[in-house]
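The sequence and structure are shown first, and the points follow by topic.

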Amino acid sequence: MLSTFQYPKFDYVRPPEIAEARDGHYPVVIVGAGPVGLTAAIDLAQQGQRVLLLDNDDTVSIGSRGVCYAKRTLEVLDRLGCAEEMVQKGVSWNVGRTFFREEEVFNFNLCPEPDHHRPGMINLQQYYLEDDLIKRARLLPNLEIRFRNNVIGVTPDAEKATLRVETPDGAYTLSADWLIVADGARSPIRTMLGLDIDGKIFMDRFLIADVVMKAEFPTERWFWFDPPFHRNQSVLLHRQADNVFRIDFQLGWNVDPEEEKKPENVIPRIKAMLGDDREFELEWVSVYTFQCRRMNRFNHGRVLFVGDAAHQVSPFGARGANSGIQDTDNLVWKLKLVMDGKAPATLLDTYSDERCYAADENIMNSTRSTDFITPKSAVSKTFRNAVLGLAEQFPFARALVNSGRLSVPSFLADSRLNTADSDVFAGNMIPGAPMDDAPVAMADGTQWLLGAAGNCFQLLHYIPDAGALDAASAQALRSLIDAPIPVEAIVVAERGTAPAGLKTLIDAKGRVRERYDLREGTSYLVRPDQHVAARWRALDLAQVRAAVARATCNA
Amino acid sequence: MALNTQPNLHEPGKRHFRAFSPGDDFYEALIATHRDLTDEQSAMVNARLILLLANHIGDISVLREAMQIAREGA
C-alpha cells in the first residue's frame with residue numbers, strides 16, 4: 001500500500017528515574033498521547049502547570065481513524081493555539097448528499113448561519129491532527145512527553161496514584177497527585193482498576209478504506225442507503241486531505257473481518273462503487289465493530305478518565321475524538337483550580353456530571369443514527385425506507401433522514417455550576433450554553449468572540465458606546481480581576497473605547513448583541529471553557545462574585 | 001387546510017436547541033412503539049395508530065391528500 005503520509009518516529013529517551021535509579025513524583029501525569037491526552041496536556045501546560053505525558057508507542061495514529069473534527073473541537077483547539085494549521089490542511093465541507101437506491105433523494109448544507117469563524121466540520125486524517133498537536137506540545141517547556149513508556153500497574157490512594165511504567169530500559173515507578181487516563185476504548189488502566197463500563201454492542205461490522213485517487217468528486221459527504229453497488233447495506237464517501245478518500249461499507253455481522261480486509265476482497269467493492277476503470281490505490285483498510293457505553297462516573301478520587309477510556313459511541317456523527325476533546329476542555333480548568341487550592345475537589349464531581357450528561361446525549365444521538373442506518377426489525381426498515389421515499393419531495397421527511405447528526409456541544413442547562421436566570425432573555429445563550437461565536441474587532445487584532453473568550457472567568461458587559469461607561473462601573477469591572485479567582489472584564493460595545501484598564505470588544509456586525517440578546521447593562525459571566533455561567537440585565541458585583549463561587553463549588 | 005409537509009414536530013414544555021432533535025425524538029418513540037412485536041402485531045399497531053391520528057386531524061380533505069401521496073409511493 002502506498003503512503004501519502006510519512007509517519008514520524010519519536011525518540012525514546014531514557015527516563016531520569018531509570019538513569020538515577022529512583023522513583024519519580026509529578027503533580028499531573030496523563031496516560032495516552034492520542035488527540036484527547038495531547039489536548040489535555042497542552043491545555044494544562046498552557047495554564048502554567050507542569051505535565052508529564054506517557055505513551056506506549058512512538059508514532060501517531062496508524063490509518064486515518066477519526067476523520068471528522070467538528071466546529072466545537074476547532075474552537076477548543078483555537079484556544080490552545082493550534083486549529084489554524086488543521087483547518088488549512090483539512091477539507092472543510094458543508095454539503096452532504098443522501099442517496100437511496102439509484103437516486104439522490106436530497107442534499108443538505110451544514111452551515112446553519114453565517115458569521116462563525118470555524119466551519120461545521122473539517123475532514124482530516126487523525127495522524128495529521130496528532131502530528132500538529134505534538135508540534136504544539138513541543139513548544140511548551142513544562143510539558144514532557146515520554147514515548148514507549150507503557151503503564152503496567154496503577155495503585156491509587158487518597159493522595160496520589162502510583163504507576164509502574166515499562167520502557168525499553170526496564171521498569172520504573174512514579175507517582176502523581178493527579179492521573180488523567182486517556183488510554184483509549186480498551187483502557188488498560190480502567191481494566192487494571194476493575195472499573196465497569198456499561199452499554200451495548202451493535203451487531204454489525206463496517207469496512208473502512210482509505211483510497212488515494214485523483215477523483216473529481218466534489219468536497220461533499222455522500223451517503224448511500226441500499227445502493228445498487230452494495231445492496232441492502234449503507235456506504236459513506238468522505239474526502240480527506242491529499243486526495244485521500246474515506247469509504248465506509250456496512251458489511252453486516254456474519255462476515256469474517258480478516259477475509260474482508262484482504263485487498264483482493266476490498267478492491268472489487270470499490271471498483272463496483274466507482275463504476276469505471278478509474279485508478280486508485282488502497283492506503284489503509286480496517287474492519288470495525290462498535291459499542292455505545294460509558295463509565296458510571298469519570299472521576300475516581302485522584303484518577304480522572306477522559307475520551308474513549310470513559311465513553312464510546314458509534315462512529316455515526318463523529319462524536320468520539322470530538323467529545324473526548326470537549327472532556328478535557330471541561331476538566332482542565334477545574335483541575336487547575338483544585339490543584340491551586342482555589343476550589344474544593346468536589347468541583348471534579350461536576351466534571352463527571354457535566355460530561356456524563358454530554359456522553360449520554362452523544363450516545364443517544366449516535367444510537368438513533370445507527371438505528372436509522374441499520375434498522376433492527378422489518379417494521380423499522382419499512383419506516384426507514386418510507387422516510388427515504390418521501391424525502392425527495394417532502395421537507396418534513398428530509399428532517400427525519402438520519403445518516404449521522406453533526407457533533408455539536410451540549411447545553412449544560414441542568415448543571416449545578418449555573419446560576420439560574422433572574423431576568424428575561426431571548427435566544428439560546430442560557431446558563432450552561434456553549435458560547436456562540438460572532439465576528440468582533442479588538443485592539444489586539446482579535447476578530448472573533450471565541451478568540452477573546454476562554455482560559456479564565458470573564459464578564460462580558462454591554463454598553464452601546466464603550467467610551468460612555470461611567471467611572472463607577474469602570475471601577476467595578478476593573479476590580480473583578482483582584483480576587484483569588486480573577487474575572488477578566490470585557491466591555492462589549494458598538495463603538496468607542498472603554499476607560500483605561502478594560503478591554504473593549506467591538507461587536508463588528510451586531511451578531512453578539514443579536515445572539516446574546518444584549519441591552520445596555522447586560523452582563524454575562526462565562527467560564528474558562530466558554531460556557532455561560534450566569535447573566536444579568538445589570539451589573540452587580542455581589543451577584544458576579546456569588547456566581548463565580550457557585551461555578552467553582554465555593555458557594 | 002392543505003396537508004402540511006414542512007417539518008412540524010415539537011413537544012410542549014420541551015426546549016430543543018438543535019433543529020434535528022424533535023424529529024429524532026419522534027422517530028425513536030415510533031420505533032420503540034414496535035419493539036419486540038411480531039410483524040403481524042406491528043401491522044396492527046400501525047393500523048390503530050393511523051386511525052387514532054386520522055380522528056385527531058379531523059379534516060378529511062387533508063387525510064385524502066395524505067392517503068393519495070402515501071399510495072403513490074407504495
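**Interface and salt bridges**

R368(A) is buried, with a relative accessible area of 10% (buried means under 20% relative accessible area, exposed over 50%, and partly exposed in between, with a 1.4 Å probe and protein chains only). The model is predicted: local features need pLDDT of at least 70, side-chain atom pairs count only at pLDDT 80 or more, and totals for chains, interfaces and linings use all residues. Residues are numbered from 1 along each chain as its sequence is written, chains are lettered from A and ligands numbered from 1 in the order in which they are written, and side-chain values use heavy atoms, with hydrogens and water left out.

**Contact between chain A and chain B**

- Chain A contributes 26 residues to the contact and chain B 22 residues, where contact means heavy atoms within 4.5 Å.
- About 2,100 Å² is buried between chain A and chain B, and carbon and sulfur atoms give 64% of this area; buried area is the accessible area (1.4 Å probe) that two parts lose on being put together, summed over both.
- In chain A, the residues that lose the most area to chain B are R368(A), F383(A) and L400(A), together 29% of what that side buries.

**Salt bridges across the interface**

- The rule finds three salt bridges between chain A and chain B, a salt bridge being a side-chain nitrogen of Lys or Arg within 4 Å of a carboxyl oxygen of Asp or Glu.
- R368(A) pairs in this way with D25(B), with the closest N and O atoms 2.7 Å apart.
- R368(A) also forms a salt bridge with E28(B), where the closest N and O atoms are 3.1 Å apart.
- Because R368(A) lies in helix 10 of chain A and E28(B) in helix 1 (residues 21–33) of chain B, this pair joins two chains; helices (H or I, at least four residues) and strands (E, at least two) are DSSP runs, numbered from the N terminus.
- E28(B) is partly exposed, at 38% relative accessibility.

**Salt bridges within chain A**

- R513(A) and E494(A) meet through their side chains in a salt bridge (3.1 Å, N to O).
- R513(A) has a relative accessible area of 38% and is partly exposed, and E494(A), at 34%, is partly exposed.
- R527(A) forms a salt bridge with D529(A), the closest N and O atoms lying 2.8 Å apart.
- R527(A) is buried at 1% relative accessibility, and D529(A) is buried with a relative accessible area of 1%.
- One network, made of salt bridges that share partners, joins D43(A), K71(A), R72(A), E75(A), R79(A) and D329(A).
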